[in-house]
Amino acid sequence: MMSYQYLLLLLLSLGVSAVEVQRPRGVPLSKRQFYEEGKPFTCLDGSRTIPFDRVNDDYCDCEDGSDEPGTAACPNGSFHCTNAGFRPAFIPSSRINDGICDCCDTTDEYNSGAACQNTCRELGSKEREIMKEMAEIAKEGFLLKQQLIQEAKSGLEEKKAKLAEVQVSKKDLEDKLEALRTVKETAEQPEKEAKERHLKAWEAAIRLEKDKAKMAEVFLELDDDADGFVSVADLLTHSELDPDSDGSFTEAEAQGLLGGVDKVDTAAFESVWNNIKEKYVSEETREPVPENDSEQYPEEDIPEEEEDDDEEDEDEDPDDGDYKVSPVRISIRFMKDDHEFLFKTKFICLSFRYIYRLCPFNRVSQKPKYGGSETNLGSWGKWTGPEDNVYSLMKYEHGTGCWQGPNRSTTVKLTCGKETVVLSTSEPSRCEYLMEFTTPAVCQEPQSLYPDAHDHTEL
Amino acid sequence: MASVLLLWLAVCLSGTWAVDKGNFKTCDQSAFCKRQRALKPGESPYRALLETMELTNTRLTLQLINDNNKVRLLLELYRLQGNITRVKINELKPLKPRYEVPDVLIREPPTEPLSLLSQDENGVVLSLGAESQRVIVSARPFRLDIMEGRDVLMSLNSRGLLAFEHLRMRSFEPLRSKEEEEKVEDGMWEESFKSHADSKPSGPSAVSLDFSLPGVEHVYGIPEHADTLRLKTTDNGDPYRLYNLDVFQYELYNPMALYGAVPVMLAHNAQRTTGIFWLNAAETWVDISSNTAGKTVFGKMLDYVQGSSETPQTDVRWISESGIIDVFIMLGPTPKDIFSQYASLTGTQSFPPLSALAYHQCRWNYNDQKDVQEVDAGFDEHDIPYDFIWLDIEHTDGKRYFTWDPHKFASPKEMLQGLVEKKRKMVAIVDPHIKVDSNYKIHNEIRSKGFYIKNKDGGDYEGWCWPGSAGYPDFTRADMRAWWASMFAYDQYEGSMENLYTWNDMNEPSVFNGPEVTMHKDAMHGAWEHRDVHNLYGFYVQMATAEGLIQRSGGVERPFVLTRAFFAGSQRYGAVWTGDNAAEWDHLKISIPMCLSLGLVGISFCGADVGGFFKSPSTELLVRWYQTGAYQPFFRAHAHLDTPRREPWLFGPENTALIREAVRQRYTLLPYWYQQFYQAHQTGEPIMRPLWVEYPQDPATFAIDDEFLIGRDLLVHPVTEEGARGVTAYLPGKDELWFDVHTFQKHNGAQNLYIPVTMSSIPVFQRGGSIIPRKLRVRRSSTCMEHDPYTLYVALNPQRTAEGELYIDDGHTFNYEKKEFILRKLSFTKNILSSVNMAPDAQFSTRSWIERIIILGASKPSKVTLKTAGGQESQVEFEFDASMSVLTLRKPGMNAGVDWSVTLQ
């Protein structure tokens, strides 16, 4: 038995070493110098020295497993596959000759009878293709991101400008009102009737102006994506506008409010405004911002850019007049100084039984496809990615409670993609949901990607 | 998985977390139990009519008469092979036949001749063959005493509690003069519990008998109860109840019924072990009382000093709702005799595929194929071995068993093939409740064949379970079971493959809207009421399923079927787990006595949900549970749907490493476990066994249930206390040595040893005098380790000898029945370790070899010589650790299946 094993090992190792740099089976090139043919071998942990013929003799002599890099004898050993054409790899030595092909170059199954095919070349080219594709996506995604940042910036500017206009016109109106009051007061003696009529007319005019100002403001607030239109989707965020208040504000109902069209511009919004102003609740009053919004971000991430300063200002002065650029404020979140951001948009993902809805930085919800009420799967909590990539995971917490279980919560996993879409939603654990979400917003600068992609494929 | 419908109980449960006892009957709420328990010990109204005695070569028959109502009974008495006495009592002329349990006994037990020793008008004395054992039948009042020499081993009806409610017509029953007979009590002809009515068409039919056990203070068995190993007296509470029930969030340390029932009790003292097997499948209650129960140790001492001590005695009393009295009295005298006596009646533990002894990963539910694939990959990524991944009810298409959810499990064969490629396997659940749905093939066939259990009005019985409205196939019918088995054929069970095995849950049966969450007792199984057969239902479900798995492979492959409900004989069909436990320390602790009790009555393949089913374990509890489960026969992690994920790598690298290590210890010991199962399959001895089974004369072991033995050579004292810094283990045997398997530290027997522990500690000891084979090359599944070499652990006793066995076969087929296996006897004596063939007529070859021999308690040799069959000799290198007296022989290299010897010089 023993001699048979020796012979087999000898034969096999001869066979392999003919095409590769001479070293014992399972040893990576980088450790070749520790295994010198014919010289006593010292375990890599230095614990003992053994004759060289005990290296790979299918008996574990070293505590650290280093004497058996090519056999399964040591419980803690590891085996190096060269995998020419693909990536080299270490596998636990328990996977040597277990009848399962682990190394694409088949070198782990040299004595098990398993019929392994060398798949390294295919894997290599497949991987290169995927890498290429990913690099492509990253590149395009990164461009898209830049573009989006630009758009968002100009949108912000535009809104600020409009805001300034509104503020100016409001100021004008107030000035006028003031002037009229003065006029009224100086004209002390007109007839009472005339005076009252006069006053009423003016007050109505002022109300109208005020209403118009409010309308403009609301338009901005509603127009989440700053495209100059208020759409059905925009309206749907305001469930208080539900005409029949039945708890379900449908798209049809929203469309009804918009006069039967999908979206309206500023002019057409006037008639819409008349329909909704009684019910409308500003996003500011509806969803109070967290007490200290910036608290959610790591300190070092508070950006130095101007835009961000603006954001901070707005955040911290919630009582700064009646005028808010709230839609703008909420729609863009600057993360880190490389301007990663997300839109305030709703992303919908259908599973075969439920519709899942993600409103970034707001909440995640689930609704049965065939009727039934919506369930809150969590409200925006915090970034929970690993230290080196904090913005790869979002956590939405404190959703509707589960019977005997926790409150529902959702983890959103962000990956770089050309589109901003929710790819899938699952519930790995009861009431703990997982959403996979792609967006250009997390795309890295392409050159930093896979620096090793084409290295190490050969030895 | 399982458990009862959440909605039903949610209301009752809000706030507290425990069983809702109100859902289950107390003895007082069960009319027959109340009636029977009201009878107090005293003079029995039964009299033996000696003139009716007939004695043939195989049996004695005799009529008994109840002097109160003149109803006659027929007593049959048999002497069975292997020191068993069978006592059967039925009505002499019942109105209609009374139920006698079929299919549980593996055959009609062979008898041995009885001979008449003496007879007079007071009774007869019969010889039970050897050892001066006799049965004395006393006539007035009737009683039976089984004697050995001058000692009474057991007495029947000595307290006069024999009661046999004869079948009667409801309205024509003549009134008797005696009080207790004339009144028609409540609950005789109908009773109700909560909103459920039981129509009781046969009226009262209970049977009851008492047994006295002189000299006995310890009784065990009658699982399933969440209670201590040693049974308690029941004088101050309810009797132990045997009635298979789906108990939602069961409570510990009480006599309430659980999922399974084995009506077997063992009685033990330092001189003798006896057993009582009460073969009755109806609802049964067991009362236990003891004349020493209330006494303190001091009180007992005082008795002794004063010489006024009466002999300690335990009295038990069995009460069943219907059927007959059919009792097997197993006379031991040793614990192992009891196991072989019981095995001769009901068979032994089935021999499972080796992989079923490895680690099982379960959860209600792995959500879809992707989930399964990711969990599978997670084990490889974290280098933790596992053999089986399990799918609970959500894998089906709308809880229609034998189907797959078309979205989540669209291509089951692809998934199973993925596991095949890793040499791993899967278990999918198949419950016995069948969705009532005319588009469901299984339902349509059962309905059209008339295989459903019927309700009292003759229609198909319907109850609520997971699928909503469900029918329950009548598994008591052999033709139904044959049909069910055929449904496991690969062409019938779509998406199934060779590596898919089965789990039968909810087979008590669980009926969410039934009385006590089970079936109405007046449902009909052909001519029999559900009342008669209830405790057999789960037994039959597993029987039919196991048969299906055997048949699908053409009789080649061993099945693996897990069941929750069980009865006597269930050991023949697979594994049992302790049902829906909870992630609490007390539930971890109770897993030991629960499995020990099952092992004592033949069911060795037992485990508890690792981690606890309900609730979420702390990390410490989870780790400790893995460490305990790794040393119990059935090793499966499982979790409720509502709990957070708990795959082993989700608790940080440190805990992943602790769990990995526990699982790896299990895998290194698989050769030993497999050998234990082979032995259990041959002998019926428990695998996980209480200490007293091996040390029957040491009273210190009689009540121990926080540690246990695996076979006779490994002693395990798992850490089951939160925050433990140490455990105290009792190491039995005053002439024994015990070696810590991790440190090789040697300890003397007959001592309480304090063992300091850390989170990585699993206190395990190998008995000096034993040889245990292990495979140290732990791979990702047990199948991957098939050809790997062995390391032999030879632990020497004070006489410097040791012995053990090594069993090897293909690990998964029935070919071992055709003598395709290797069975070696390993022995160490006079400094020679040798392997000899114990089964010369068996043939098998293995590629496995002996890579290492570790001798504990050795002294340093100067030379070690290996001699193999051909007479060749070679020197074996060795290392000696003088501080621990451990001798390691390096790579002797011989094949594990051949003769060899190693000589230390």
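Predicted model: local features only at pLDDT ≥ 70, side-chain atom pairs only at ≥ 80, totals over all residues.
**Entry 1: domains 1 and 2 of chain B**

Which elements give two or more residues to the side of domain 1 of chain B that touches domain 2 of chain B? I found β13 (196-198), β15 (218-221), β16 (240-242), β17 (264-268) and α5 of chain B. The largest share, six residues, comes from α5(B). I then sorted the residues on this side of domain 1 of chain B into 34 nonpolar, 14 polar and twelve charged.

I looked up where the domains run. Chain B is assigned domain 1 (23-346), domain 2 (356-431 + 478-519 + 528-689) and domain 3 (789-904). The C-alpha centres of domain 1 and domain 2 of chain B are 35 Å apart. Domain 1 of chain B puts 60 residues into the contact, and domain 2 of chain B puts in 55 residues.

Next came the area. The size of an interface is often given as the accessible area lost when the parts come together. Domain 1 and domain 2 of chain B bury about 4,600 Å² between them, with 60% from carbon and sulfur atoms. Tyr99(B), Asp246(B) and Tyr259(B) supply 15% of the area that domain 1 of chain B buries here, more than any other three residues.

I also counted five salt bridges across this interface of domain 1 and domain 2 of chain B. Asp246(B) turned up again: it pairs with Arg564(B) in a salt bridge, with the closest N and O atoms 3.3 Å apart.

**Entry 2: chain B against chain A**

I moved to the two chains. Chain B gives 39 residues to the contact and chain A gives 36 residues. About 3,200 Å² is buried between chain B and chain A, 42% of it on carbon and sulfur atoms. Which residues of chain B lose the most area to chain A? I found Arg780(B), Arg890(B) and Lys891(B), together 20% of what that side buries.

I counted ten salt bridges between chain B and chain A. I followed Arg890(B), which forms a salt bridge with Asp61(A), the closest N and O atoms being 2.6 Å apart. I also counted 18 residue pairs in polar contact between chain B and chain A, both residues at pLDDT 80 or more.

Several elements give two or more residues to this side of chain B, among them α1 (6-13), α6 (369-381) and β48 (850-856). β52(B) has the largest share, three residues. The side of chain B that touches chain A holds twelve nonpolar, six polar and 21 charged residues.

**Entry 3: salt bridges inside chain B**

Side chains of opposite charge can pair when their charged atoms come close. I searched the whole structure and found 83 salt bridges over all chains.

I picked Asp371(B) and Arg645(B), whose side chains meet in a salt bridge at 2.5 Å, N to O. Asp371(B) is in helix α6 of chain B and Arg645(B) is in the loop between β34 (635-637) and α14 (652-668), so this pair ties together parts 274 residues apart in sequence. Are these two residues buried or exposed? Asp371(B) and Arg645(B) are both buried.

Asp380(B) and Arg780(B) also form a salt bridge, with their closest N and O atoms 3.9 Å apart. Asp380(B) sits in helix α6 and Arg780(B) in the loop between β43 (770-774) and β44 (790-795), 400 residues apart. Both Asp380(B) and Arg780(B) are buried.

I noted a network of salt bridges too, including Asp198(B), Arg241(B), Glu283(B) and Glu321(B).

**Entry 4: two single residues**

I found Ser350(B) in the loop between α5 (335-346) and β22 (359-361) of chain B. Its relative accessibility is 15%, under the 20% cut-off, so Ser350(B) counts as buried. The side chain of Ser350(B) reaches the backbone nitrogen of Gly574(B) at 3.5 Å. Beyond four places in sequence, Ser350(B) touches residues including Arg572(B), Tyr573(B) and Phe677(B).

Thr410(A) is buried, with a relative accessible area of 0%. Its side chain reaches the backbone oxygen of Leu377(A) at 2.8 Å.

Definitions and conventions:
Residues numbered from 1 in each chain as written. Chains lettered and ligands numbered in written order. Heavy atoms only, no water. Contact = heavy atoms within 4.5 Å. Buried area = accessible area lost by both parts, 1.4 Å probe. Salt bridge = Lys/Arg side-chain N within 4 Å of Asp/Glu carboxyl O. Polar contact = N/O pair within 3.5 Å; in protein donor to acceptor, adjacent residues only side chain to side chain. Helix = DSSP H or I, 4+ residues; strand = E, 2+ residues; numbered from the N terminus. Nonpolar A, V, L, I, M, F, W, Y, C, P; charged D, E, K, R; others polar. Buried < 20%, exposed > 50% of the residue type's maximum accessible area, 1.4 Å probe, protein only. Domains from an automatic or database assignment.
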